[in-house]
Amino acid sequence: MKLLYTILLMFITSTGLAQVEINGYVKNYDAVSLLNSNEYLILRNRLRLNVNYSPTDEAFGYASFDVKDDQLKGLELSLRELYIDLYFDNLDLRIGKQQIVWGEADGLFITDIVNPLDLREFILADFEDIRMGVNAIKAQAYFGDRRLEALWIPQFVPAKFSSVGEDWAFYTPLDKIAAIIPDSLIVVRDFTKPDKQPKNSEYGLRYSTLIKSIDFTLSWFRTWDDYPTFRQYYQPTQNPSAPFNVTITPVYDRINVYGGTFSTTVGSVVLRGEGAFYQNRNFYTADPRDGDRVVQKDFLNYMIGAEISPGNRFLSGQFVQEIIPDYDDQLVLNKTTDMGTILMTRTFFNETVKQELFLIYNFTDEDYLGRVRFYYYPSDGIEVIVGTDILGGKKKDTLFGQFDENDNFYLKVKYSF
Amino acid sequence: MKRSVIFIMATLCFMADPGSGQNLTAREIMERNNAQATTRDERAGFTMKLINKRGKERKRKVVMYSKTDAQNKEKTLVRFLSPADVKGVGLLSIDDGDREDQWLYLPALKRVRRISSSEKSDSFMGSDFSYEDIEQNELNDYQYTLLGQETVDGVDCYVVRSIPASDEIKKETAYSMTDMWIRKDNYVSVMVKFYNQKGDLIKLMVSTDIRRIDGAEKWRANFITMKNVKTGHRTELLYDTIQINQGVADKFFTQRYLERGR
């Protein structure tokens, strides 16, 4: 990939800077805990700089830099994207660090799994900030209304999580083990990632078509699961009060994901759907006979949704289900997990004010995420958002229930230039 | 109902007419007003100002492409060029007469999203124009009455009232009737009054700076104001580029192009 950057820099410097355009934004984001009004969850200023370079109609260069001045976590600089586009008659190439978006669902990632996610603030950050760019070569060939997309991602990049003890740290099996086994008997090894070798690269294909006003896609992605499983090796001790010591190794696993999506309109209703089938994904088992407490099972995740937008209103609903077809009772995860989402927005005063409600409810785990936001656009380029995020559930180890104490109220002010 | 999502000035087109001295019926006047509205293709760049009653402005630069292809599909691409927070947003519409498919591209999400066709009465991009204001209506959908003749800015005009011709149209439209001032010499509309279902005047559209388009037997208004008389809010369209029948390429009306965001 260093070669790609060298090519990009040579490309820009050799063709001049006349066609360079810079845009971006400055954003302030402050969030206060609703549980403890003296606690800030987020205090941040952010600068996003995007450089667009269009030397000809057949080529385009793009770079996106991010400066995050987080007063609670420090300064963070990142190069979010850096790529070259080359356009041919029936072929587009994108080469470099990029975000690749698949899927139809709102607020969920079902087939949209090409880019790893930055989950250090769970899924509450803006979507453009949640997805992390990956170095890739993407080729898209066009045949009328049909498109064939091929991806090659030379190096695996895992999702990012908050560290243990931070506000948005995820619950892991380690938490469960630490509750019953003394720390002195737990050994946690480094994350096991695939070596940086061509054989470990990720690749995928996606075919898109439009048939009788229905958009269809079919996809296959040979990837590494962005989320590690913690292999747990128990060894007996002679101590009756602590009968085991445990070695834990977080491992990223190779998987194949087959996906499909559709979208169409029936009257004034938009219908969407997507599904992903994971072949041999790893899941935790409580079976003490299992050597590492992890077993492989196929996994299906799908969504069906509908939306309408009468006047200045928008209403969308989605039903989501996760299924482990070959289930056994020792699995820690449910055989099926059912979720629903609702998104409602309404604009006022010639779209200078917008109110939004987004709700995800997990019927199986009985946990939820509710987001209420008010947007105000006082003038061009300025966006003010006041909102609140409410998370909770019956249990502390569920997706949303684990962040029960992170309900927050926030203010975001953004100036785009 | 809709034959095409042609630009607002399409309803204002005219051609110098040798028969302007004739006694025409309202229907004949509207036929002439509509006669050249349909073009093979158009490209227009304009600035849209949204101005509230206190005079505060918001400004959007937009480029629109439209085309009727060989299969008689009406295709339109709308792309925002500014301000920065909406730059690159694009809307692609393809209407084959039976149904209209629309896709929206949002650069921040890097995703093309299918959306439902807008209702005729929905606001066009947050402006005081609704979709029915900018679409070319089927002549047969309305009944026309010649109210009289008046002079507007020193130019003789016919005054034609349009009312929905069927219950179906009545349900779709936000207006009980419109009164249109159409120049006698060239059949361009220079003023339109829109009345709500109660019969109250709700919007007023005025079109000025009408010019002939190079290379086409068409004329277009280069400055159009639509005012909501109830709220005091108004929208101004100032055109900087209008090209007609210059051959807009098919590539503009594809998801591939929509995704490029520029």
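This is a predicted model: local features need pLDDT of at least 70, side-chain atom pairs count only at pLDDT 80 or more; totals for chains, interfaces and linings use all residues.
Residues are numbered from 1 along each chain as its sequence is written, and chains are lettered from A in the order in which they are written. Local features need pLDDT of at least 70 and side-chain atom pairs count only at pLDDT 80 or more, while totals for chains, interfaces and linings use all residues; side-chain values use heavy atoms, leaving out hydrogens and water.

Start with the interface. On chain A, 49 residues are in contact with 31 residues of chain B (contact means heavy atoms within 4.5 Å). About 3100 Å² is buried between the two chains, and carbon and sulfur atoms give 39% of that; buried area is the accessible area, with a 1.4 Å probe, that two parts lose on being put together, summed over both. A:T265, A:N350 and A:D380 supply 19% of what chain A buries against chain B, more than any other three residues.

Now for the charges. The rule finds 10 salt bridges across the interface, each a side-chain nitrogen of Lys or Arg within 4 Å of a carboxyl oxygen of Asp or Glu. One to look up is B:K87 with A:E21, at 3.4 Å from N to O. By class, the side of chain A that touches chain B has 16 nonpolar, 17 polar and 16 charged residues.

Finally, a word on confidence in chain B. Its pLDDT (the predictor's confidence in each residue, from 0 to 100) averages 87, and 91% of the residues score at least 70. Over residues 1-7 of chain B, though, the pLDDT is below 50, and residues 9-20 of chain B stay under 50 as well.

How values were computed
Ala, Val, Leu, Ile, Met, Phe, Trp, Tyr, Cys and Pro count as nonpolar, Asp, Glu, Lys and Arg as charged, and the others, Gly among them, as polar.
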